[in-house]
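Hi there,

Here is the structure I promised to pass on to you. Have a look at it first, and then read my notes below.

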Amino acid sequence: MSQVKPMSLQQQIIDLIKASQKILIMPSSPPDGDSIGSALALYIALKKLNKEATVVCPESVPDTYHFLPSTSIIGDHVVASKDFVITIDTQSIKIANIKQIDENQKVNLIITPVNGRLTQEQISFNYGPERYDLIITVDTGGVEQLGHLYSDHVDMFHQIPVINIDHHFSNEHFGRINFVDVMAPSTTELLIGLLELMEKDSGMKLIDEDIATLLLAGIITDTGSFQNANTSPRAFDGSAKLVQYGARQQEIIQHIFKTKQLSMLKLWGRILTKMQTDEKYNIVWSVLTRKDFYDTAADDSETGGIIDELLTNAPGSEIVFLLKERKDGTITCSIRSTTSAIDSSALAEKFGGGGHVQAAGFRMKGVSVEKLEQDILREFRAYQAYRLGRPTEEHSEKPEALKSLAPEELKEKKPEEEKPEPQKLEPKPEPKKIEPKVEPLEIEAKKEPLEIEAKPEPLEIEPPKVEPPKPEPKPEPKPVVAPQPPMPIVPPPAPGFQFQTSGMQAPQAPQPTPSMPPVSQPPSMPQSPSNFNFQAPQNNVPATPPQPGNPDAPNPQYQFGSQQ
Ligand SMILES: [Mn+2]
């Protein structure tokens, strides 16, 4: 699988590993199946090669991945060197005595030469040796994804060679060796070839069932069980190979699905707990915030169909809506109506969305969930107040959405509902405006109600399943999305949480502010870590051959893949 060029890069990695003894392995954070799988597979292999290996990650391993072998060895902190060493060059001077005198919260080290005087040039300062002699980052596009383990130990990253093994096209090539292949479906897939070469090089059998399982978990996670766009032939080739090596594929699938089901149930719990009812105007709604998604470890993709479940579980309701706050702050609103007398799309249009008579939605950014919830309720209540013929003082104006309703529609109400003064509803009927719109839309609404994202959401009464039953052939795209306002199109979220870069230290040299007093430096201090140069580490090893194209350029093959 590995040809000439990557081969040499792999060989460089193997040579550097051979020359090292205390190896620190760092997966990206938040950890996922690929980063954990890569880190632990390397860990087990390095142990077999009698290396002292350590895996550290600033965040704990999600429950989903606890079934993977060796997850318990993952630590959360780096043991850094604390020693500060004062070195005296004794080539030209002999030391008779060194003693320590403490006075006034200061320590004096008294160095007494046998004869002559000690000069500043004969003294140098440095930190003691680091606990590690090699760092390997896996599945990490930039050092900020290492969280505080990087920001707290920036010096270490410049003193110890770093091997960067990754497949993100955004990779910043921060390592001394950058083994970055953006065409790899996962970082673990890259490790297959590397470990095979290590086997050849060492003459030892390294890839066992545990390693194969870890590597396969990475491919399965990053390809979304072979469903994402990055499911390339390499993903299948690598997986086939790993199964031959004894990877426990069923175990991986089982755990991933089981966990999904659980998160889905937890999310349902949230929705039902937070469900609210306005009995006066027959409105039922629920709100899912980012916290709900985080707490339940559920993914936004798991909410498909939930609104329809809500509809069937809210008897007596006429308008049902569900607000979901996504990770990026976008809020989506799904609206359903139980009667064609209520034009959901007109309600959605009020907020810049659209859809069908009985199924519509919109999305919005830059507004708080609470505020949007209140805005929606005000609008919907006014709509219902006029439609049901009982407007109150607070509803001084007839809602826009209602103006498009046909008079017949307004009468088409549930029999049990009292219709007090129907004439009040249409003081000045505007029949010409409405007629053409109602008929075709009503027919459409009988089909699968489409959400604003054009995602088919089958109506069903059974409890939610992991994979909602596929509604026959995909309905051809409807012009639902077309009338959308200029809302940024949000790509489907990758499984797992996106990494937040805010507050992280960029790999740039901290520039002293002009107001800063000059730092007094001890004389002839070689490479004091406090003024360490933040440039790319000097290296003996040739740099990576330039990647084809701009590594940051969007790779169409990866745009919708799960790369985190
Ligand atoms: Mn990955």
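**Strand 8 and its partners**

Strand 7 (residues 134–138) and strand 8 run parallel, joined by 4 bridges. Please keep in mind that this is a predicted model. Within that pairing, T137 stands opposite N164 of strand 8. Strand 8 is also joined to strand 9 (residues 177–180) by 4 bridges, and these two run parallel as well. Here I165 is found opposite F179.

Is strand 8 buried or exposed? Of its 5 residues (162–166), 5 are buried, so the strand is largely enclosed by the rest of the structure. In a regular strand, side chains alternate between the two faces of the sheet. In strand 8 both faces are covered: V162, N164 and D166 are buried on one side, and I163 and I165 on the other.

Strand 14 runs antiparallel to strand 15 (residues 359–364), with 2 bridges between them, and G355 stands opposite A360.

Why does R387 count as buried? R387 has 25 C-beta neighbours inside 10 Å, and the cut-off for buried is 20 or more. R387 and A341 are 46 residues apart in sequence, with their C-alpha atoms 8.9 Å apart in space.

Enjoy exploring!

Notes. Residues numbered from 1 in each chain as written. Predicted model: local features only at pLDDT ≥ 70, side-chain atom pairs only at ≥ 80, totals over all residues. Buried ≥ 20, exposed ≤ 12 C-beta atoms within 10 Å, placed from the backbone. Pairing = 2+ DSSP bridges.
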